[in-house]
Amino acid sequence: MNSYAAADPEKDETVARKGHFYGVYLLCSQSLDSRYRGKCYVGFTVNPKRRIKQHNRGCDFGGARKTSRKGPWQMVMIVHGFPNNIVALQFEWAWQQPSLSTRLKIFPELKRKNPRESHFDYNFRILNRMLGVGPWNRLALTIRWLETDYERGFEVPIPHQMEIVSGKVSITSSQRKKGEDAMATVPVAWAPECHLCMKRIDQPERSRLGCTNPTCRLTCHMICLANYLLGDEPGHYIPVGGECPLCETRLSWSALLQRKRLLLGVPEELLDEEEADDDLSDGPDVDSDVEVLDTSD
């Protein structure tokens with residue numbers, strides 16, 4: 001059963017560390033012009049507060065061309081917890097283009113909006129179906145309501161590892177989440193061989209993963225640990241989580257990838273959000289599962 005944390009979005013603000021937040025958001029126009037009021041827009045961001053300001057100031061200030069002069073806009077919800085920007089951009093593109101996404105072709109009813117439903121209801125319906133199909137249904141995503149007036153229940157239950165919350169999100173360059181300091185500062189005693197296949201790890205920076213417990217010496221090939229955590233779930237590429245084979249710490253696949261980024265000191269991607277939002281015709285390949293596994297590039 002999914003957790004739901006209802007809260008006053010003006011008071012309950014989650015802080016995310018800069019360089020470790022990838023979100024796909026939904027905007028709704030509050031324009032007084034009937035041509036635009038109620039229209040919706042899906043985009044990608046690493047900083048929600050900054051992005052909504054850009055949209056409302058227009059394309060001359062970093063906003064997307066498709067939203068310029070059609071607001072004011074409200075960012076009503078955002079999906080975050082993606083392991084990297086590539087996976088988030090894949091999700092964004094599929095949400096924007098459900099009729100072109102090979103993942104969503106099993107839902108022919110998503111090809112067009114029902115004349116009786118609002119633009120928001122249509123986009124919410126697309127999102128509901130997306131969360132239930134691979135590869136996204138294997139991710140520990142957070143569905144965050146930013147505007148309480150739009151909150152509603154999901155018609156189709158979402159995967160158990162996902163959570164639904166309510167409240168704003170703020171990006172900071174200084175504050176770390178609990179436990180991140182320990183992961184980043186405690187020296188890791190890596191073994192030269194993978195604990196699962198017992199073969200030498202030749203490219204450790206790219207292919208090595210360890211436990212989120214900073215005192216555990218688990219050393220594995222990324223693909224070996226993924227297969228171990230998948231266990232009796234054939235046909236999948238992305239594990240949700242499981243127990244560490246050495247110390248039995250409960251592991252989340254997203255947390256493992258986050259730890260890998262911290263240990264490598266990977267900086268925030270220099271991504272032009274306007275370019276990512278506006279380029280709808282050449283969207284990323286939404287069939288790529290490999291990008292979800294390998295986040296070290």
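Helices (H or I, at least four residues) and strands (E, at least two) in these legends are DSSP runs, counted from the N terminus. Everything shown comes from a predicted model.

**View 1. Here is Pro72, at a cis peptide bond in a loop.** The bond joins Gly71 to Pro72, and its omega is about 10°. To find the spot, look in the loop between α1 (48-57) and β5.

**View 2. Gly134 and Pro135 are also joined by a cis peptide bond.** Omega is near 5° here. Pro135 sits in the loop between α3 and β6.

**View 3. This is the largest nonpolar core, with 56 residues.** Phe82, Phe91, Trp95 and Trp253 have the most contacts inside it.

**View 4. Now we zoom in on Phe82 and the residues it touches.** Skipping its neighbours within four places in sequence, Phe82 is in contact with Tyr22, Val24, Val87, Ala88, Phe91, Leu139 and Leu141.

**View 5. Helix α3 is mostly covered.** Ten of its twelve residues are buried, including Phe120, Tyr122, Arg125, Asn128 and Met130. What lies over those buried residues? β3, β4, β5, α2 and β6 are among the elements that cover them. From first C-alpha to last, α3 reaches 17 Å, close to the 16 Å expected at 1.5 Å a residue.

**View 6. Helices α6 and α7 pack against each other.** Angles over 145 degrees count as roughly antiparallel, so that is how α6 and α7 run relative to each other. The crossing of α6 past α7 is right-handed. At the meeting place, α6 brings Met222, Leu225, Ala226 and Leu229, while α7 brings Trp253, Leu256, Leu257 and Lys260.

**View 7. Met198 isn't a glycine, yet its phi is positive.** The value is about 65°. You'll find Met198 in the loop between α4 (180-185) and α5 (204-207). Is Met198 buried or exposed? Its relative accessibility is 58%, so Met198 counts as exposed.

**View 8. Glu248 is a residue other than glycine with a positive phi.** Phi is near 65° for Glu248, which lies in the loop between β11 (241-243) and β12 (250-252). Glu248 is exposed, with a relative accessible area of 58%.

Notes: Residues numbered from 1 in each chain as written. Predicted model: local features only at pLDDT ≥ 70, side-chain atom pairs only at ≥ 80, totals over all residues. Heavy atoms only, no water. Core = buried A, V, L, I, M, F, W, Y, C linked by side-chain atoms within 4.5 Å. Buried < 20%, exposed > 50% of the residue type's maximum accessible area, 1.4 Å probe, protein only. Contact = heavy atoms within 4.5 Å. Expected span 1.5 Å × (residues − 1). Axes fitted to C-alpha atoms, helices over the stretch in contact; angles between N-to-C directions. Parallel < 35°, antiparallel > 145°, perpendicular 65-115°, else oblique. Left-handed = near helix turned anticlockwise from the far one by under 90°.
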